[in-house]
Amino acid sequence: MQRVEGGICAIEGVRACGVREGRYGLALIAASGAAAGMFTTNRVRAAPLAVTAEHLTLTGGHLDGIIANSGCANAYTGGQGAKDARDMASLLAGFLKTDEKRIAVASTGVIGRYMDMDLISRLFQEAKGRLRSEAEASLEAERAIMTTDSREKEVAVEHRGLRVAGIVKGAGMIAPHMATMLCFLFTDADLSPEVLKVCLADAVQDSFNMLTVDGDTSTNDTVILTATGRRQARVEDFQEALRYVCTDLARQMARDGEGASRFFETRVTGARSIEDARLAAKAVASSSLVKTAVYGADPNWGRIICALGYSGAEMDPELVTLGLEGSGQRVELVQRGRIAEGGLEKAREIMSGEEIVINIDLGLGTASARSFGCDLTHEYVNVNASYTT
């Protein structure tokens, strides 16, 4: 797997651009081909998601472009929200000279506010002439959809003759079941919508669905994958590259969690089933007590054991092995259900680093999983206590 420069514009057939005006932004991406999407499991689903899902169904899974805005989620906005989402699709469709049903729409920002379509139209007029296939254009599109994000998040790889790339925004309201996130993925592989959908579901399961910042599942979570079809490729090779890209983007989101100062990854092995491994890993990453211990560099590993106990995964306390890894060091704190003496000082040193790995062996089987999370800090409260004010 070779990382390449250029973000989504490293994919042949992809053009992008983005503009901002204060807290509002608009990104345009032009790329034609087979496509698939996945959306939030929240029962309150934003209007752009419904419109995009409908478009993918009506076209049999084909897109010519994506239009995405930040600053307003267009969620819980009823019929007016649906009309605004369709009007956004029409703007890009008219410029690209295609059917509006071949355009995906995505939004992120404050829930329960109507779109300012005059602003969207003005930003669109500014952006449309900037569509181009340059590395800076990928970053420009990423910056346009950022809200509380503190950094751009993109990755592109080349693998056995094909390329896969993606950009993502998301720093808060991030939880398993499609960890507000927007992710736009592209490949030059020649694959059908049906294959893309299966591969996307597989990649999301162990990346974005294993990510948590604060335990809140957004109304706007969207992942869209488009294949420009410029390269013949084996499905297995594409799937491997897509998993890599999605996992890398999930890690980047965890590192950029709202107010976060430390990233931690929970690796669970020895589970009876993959479902149990995922449950255990998610429980640790989601625990507010674990997250605050990580923030304070407090080696209070009993909180991790506690999370395992209520995770719903099958576990035997007398078989669990638990350790920490980071800053070039490793330490075991529990060995097959017994407390390991003398490791707390090293554990504290590890937890003082910016990246920590929590290693858990349930000792029951061969299944494994990993989750991605960040600490819970005072700054997270500050960011979200004044989000609309």
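**View 1. Glutamate 158 and arginine 163 meet through their side chains in a salt bridge, 2.8 Å from N to O.** A salt bridge here is a side-chain nitrogen of Lys or Arg within 4 Å of a carboxyl oxygen of Asp or Glu. Glutamate 158 is partly exposed, with a relative accessible area of 30%, and arginine 163 is partly exposed as well, at 25%. For these labels, buried means under 20% relative accessible area, exposed means over 50%, and partly exposed lies in between (1.4 Å probe, protein chains only). A word on what you are looking at: this is a predicted model, in which local features need pLDDT of at least 70 and side-chain atom pairs count only at pLDDT 80 or more, while totals for chains, interfaces and linings use all residues. Residues are numbered from 1 along each chain as its sequence is written, and side-chain values use heavy atoms, with hydrogens and water left out.

**View 2. Arginine 278 and aspartate 206 form a salt bridge of 3.0 Å, N to O.** Arginine 278 belongs to helix α7 (residues 274-286) and aspartate 206 to the loop between α5 (193-205) and β9 (222-231), so this pair ties together parts that are 72 residues apart in sequence. Helices (H or I, at least four residues) and strands (E, at least two) are DSSP runs, numbered from the N terminus. Arginine 278 counts as buried at 17% relative accessibility, whereas aspartate 206 is partly exposed at 32%.

**View 3. Arginine 267 meets glutamate 265 in a salt bridge of 3.1 Å, N to O.**

**View 4. Phenylalanine 95 and phenylalanine 124 make an edge-to-face aromatic pair.** Their ring centres are 6.4 Å apart, with 85° between the planes. Rings of Phe, Tyr and Trp (its six-membered ring) pair if their centres lie within 6.5 Å; planes under 30 degrees apart count as stacked, over 60 as edge-to-face and the rest as tilted. Phenylalanine 95 lies in helix α2 and phenylalanine 124 in helix α3 (residues 117-127), so the pair links parts that are 29 residues apart in sequence. Phenylalanine 95 is partly exposed at 31% relative accessibility, while phenylalanine 124 is buried at 2%. The count by this rule is one aromatic pair.

**View 5. The charged end of arginine 255 sits over the ring of phenylalanine 263.** The distance to the ring centre is 4.5 Å. A charge sits over a ring if NZ of Lys or CZ of Arg is within 6 Å of the ring centre and within 35 degrees of the ring normal.

**View 6. Cysteine 17 and cysteine 246 are both buried, in a structure with zero disulfides.** A disulfide is a pair of cysteine sulfur atoms within 2.5 Å. For cysteine 17, the nearest cysteine sulfur is that of cysteine 9, 9.4 Å away. The sulfur of cysteine 246 has its closest cysteine sulfur in cysteine 183, at 5.8 Å, which is too far for a bond. Cysteine 17 has 0% relative accessibility, and cysteine 246 also has 0%.
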